Amino acid sequence: DSGDSISELQEWRPVIYRKCTDTLWLLLFCLFWAGLMFISGYAVVAGAAERLVLGYDSFGNICGQKNTPVEGANLSGLDMTNKKYVFFLNSCSLEIQSLKISSLSLCVSSCPQEQLNSLEDLQNFARNNGSFLCVYNLNVSNYTLNPKAAQLCPTLPVPPSKSFPLFNRCVPQNPECYSKYASVLISMVNEMDVFHRILSGILAGRDTLIGLSVLALAFSLILVLAFRFIQTLLIHTLIALVVFGLLFISGVLWWLHHDYRNDPSIELETEKENVKFLLGYAIFSTIVTVVLLSLIFVLRKRLQFAVQLFRIVGKIIGRIPFLLFQPLWTFLILIVFWVFWIAVLLSLGTAGTAQSTSGGQVEYRALSGICYMAWYHFVGLIWTSEFILACQQMVIAGAVVTCYFNRNKSNPPPHPVLSSISVLFCYHLGTAVKGSFLITILRIPRIVLLYVYNILNQKKNAKCLFSCCFCWVCCQESCLRYFNQHAYTTTAINGTNFCTSAKDAICILARNSAKLASISCFGDFVLFLGKVFVVCFTVFGGLMAFNYHRELQAWVVPLLLVGFFAYLMSHSFLSVFEVTADAMFLCFAIDMETNDGTAEKPYFVDQELLTFVSQSNKLTEGQNHRSTRQFQDNEDGTELQPMV
């Protein structure tokens, strides 16, 4: 047994000379992306994304450009160069019939900015502004004379409207019309009710959402800098702000719920739903507040350990300052990929042929196979996004490993981040592909379950069953992400493939769980409090902004989006500290098992980290004799060198 133990320990050695890992998975990913590029090319050739971006009328004319005629449609093929905006004749009563908007739509040169109450007003608006709001074949002089003008002109009164800044639609400014208009237009994109609400909420409060997103980004950056430079003051201040924020947000939510519930002017269905959502938010916020305050009270005596932990992590990041920019690079790469993905999706969704109907209007029929291409494209979104995040984790872990297994702590290796990136791209992309694929395998059932859950919204037994399955899949995904991160760190050390690295990481963590579990969990808890801080104060800003603009009836869903985006931003930036701490503790566990502090096998760990771990976990007497050894600053032992 001792021989087997020694051989097992000898496997844990940072290697300089590496070989490619999980090559077949990298080849599979390249083949998958070849399929994505084929779909992208097909979407560009067969699609017409300008129909969605520029808009089109009921006769097949794309607004803002010249058009080719469609056989059987007399009003198609018109020159709409000067008519850039889509106008619906019945914008306040839009309905969906057979997945089509029932109202006629026209291309107009300008949107009516004042309410038009009669056919004479329509005629004067056309003569004064050159914008004709009736069907093209009705002459402006006949607006008040033609007996069919009521069918060929907009429903009166015509509400004031403004052009949407990106998609060139005349959007009614009347709050009730605006809410229904946005909801119906979004429902043409997807039939999922949740999707309707999310996107209509974005349309309703887009300016406020942008401002709150910038606020969340600013809070996240401030928190990252605070964790890096003022750890001692930060922990106590952060906890005080979190306690204040939780109590304050819960109180504000209960107050708003009471205020809205007793408001006699609330009549619209969306406003009544706001009251229900506010009650749900208030209950959820109260539960979270009670749980977190209880945890803070129980763990209050370990605050000093949190200060020491982030001081040590801050020292490592201080040796690798470019780690702080890693989330920013990753975020920019994700943004570029998401923009590309959405552009292809828009083109794919408009890939169809124009066919005229009996009334002279034009319908677009989707081509066969588009549904399968859309699913393939959707899997590409999840897999590629997870792959980009896995690359970030491997880069951070590789840089931490390089600095940890360096004897001369005062002289860190040059360019550890660039070294880690080069190792990743030369040897371990396949490992990142495999780890991200496993996450994708769990993400897809989770999304399918969410879709089925919304379909079975009225069946309580089915909802309960699918909620349990959804929670189970989420827990599985969280566990897999945790082990993936340690597998990436192990690959950065040993240069082994994903499965071997995952097995070795699980073994080393199982043997050292008593030493490191409490430290890692408490560090993660403090980082979670940082995320709660960002969410609390961003949501507070959202509450004040949306409550001030009560004319936006459907503002509760945008508020939920604000909280989600704030958590996503804070998680992206604070993940640097989380991944750094996890990689550092795994390196520490390996160091303790493979070295004994003697001159032949000296430790790599510095005295501050060893003392911190010893004090925090109260190591047993059998382990204390290694903790108190004097470390010799020599060049013996194995050292991980950066690639040049």
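Cys-63 is buried, and Cys-107 is buried as well. Keep in mind that this is a predicted model. These two cysteines are joined by a disulfide, with 2.0 Å from S to S. For anyone new to the term, a disulfide is a covalent bond between the sulfur atoms of two cysteines.

Which hand does the disulfide of Cys-63 and Cys-107 have? It is left-handed, because the torsion about the S-S bond is about -85 degrees. Now look at where the two ends sit. Cys-63 is in the loop between helix 3 (49–54) and strand 1 (85–88), while Cys-107 is in strand 4 (residues 105–108), so the pair ties together parts that are 44 residues apart in sequence.

How many disulfides does a search of the whole structure find? It finds three. On to another one.

Cys-111 and Cys-170 are joined by a disulfide, again given as S to S 2.0 Å. The link of Cys-111 and Cys-170 is left-handed, with -80 degrees about the S-S bond. This pair links distant parts of the chain, 59 residues apart: Cys-111 is in the loop between strand 4 and helix 4 (119–129), and Cys-170 is in strand 6 (residues 170–172).

Are these two buried or exposed? Buried means under 20% relative accessible area. Cys-111 has 10%, so Cys-111 is buried. Cys-170 has 3%, so Cys-170 counts as buried too.

The next pair is Cys-134 and Cys-153, whose sulfur atoms are 1.9 Å apart in a disulfide. Here the torsion about the S-S bond is about 110 degrees, so the disulfide is right-handed.

Cys-587 has a relative accessible area of 0%, so Cys-587 is buried. Cys-499 is at 45% relative accessibility and therefore counts as partly exposed.

Last, the surface. Trp-254, Leu-279, Ile-283, Ile-287, Val-291 and Leu-295 form a nonpolar patch there, and together they have about 500 Å² of accessible area. Which helix gives the most to the nonpolar patch? Helix 10, residues 269–298, does, with five residues.

Methods:
Residues numbered from 1 in each chain as written. Predicted model: local features only at pLDDT ≥ 70, side-chain atom pairs only at ≥ 80, totals over all residues. Heavy atoms only, no water. Patch = residues over 30% accessible without salt bridge, like charges linked within 9 Å, V, L, I, M, F, W, Y side chains within 5 Å. Areas by Shrake-Rupley, 256 points an atom, 1.4 Å probe, with all protein chains shown as cover. Salt bridge = Lys/Arg side-chain N within 4 Å of Asp/Glu carboxyl O. Helix = DSSP H or I, 4+ residues; strand = E, 2+ residues; numbered from the N terminus. Disulfide = S-S within 2.5 Å. Buried < 20%, exposed > 50% of the residue type's maximum accessible area, 1.4 Å probe, protein only.
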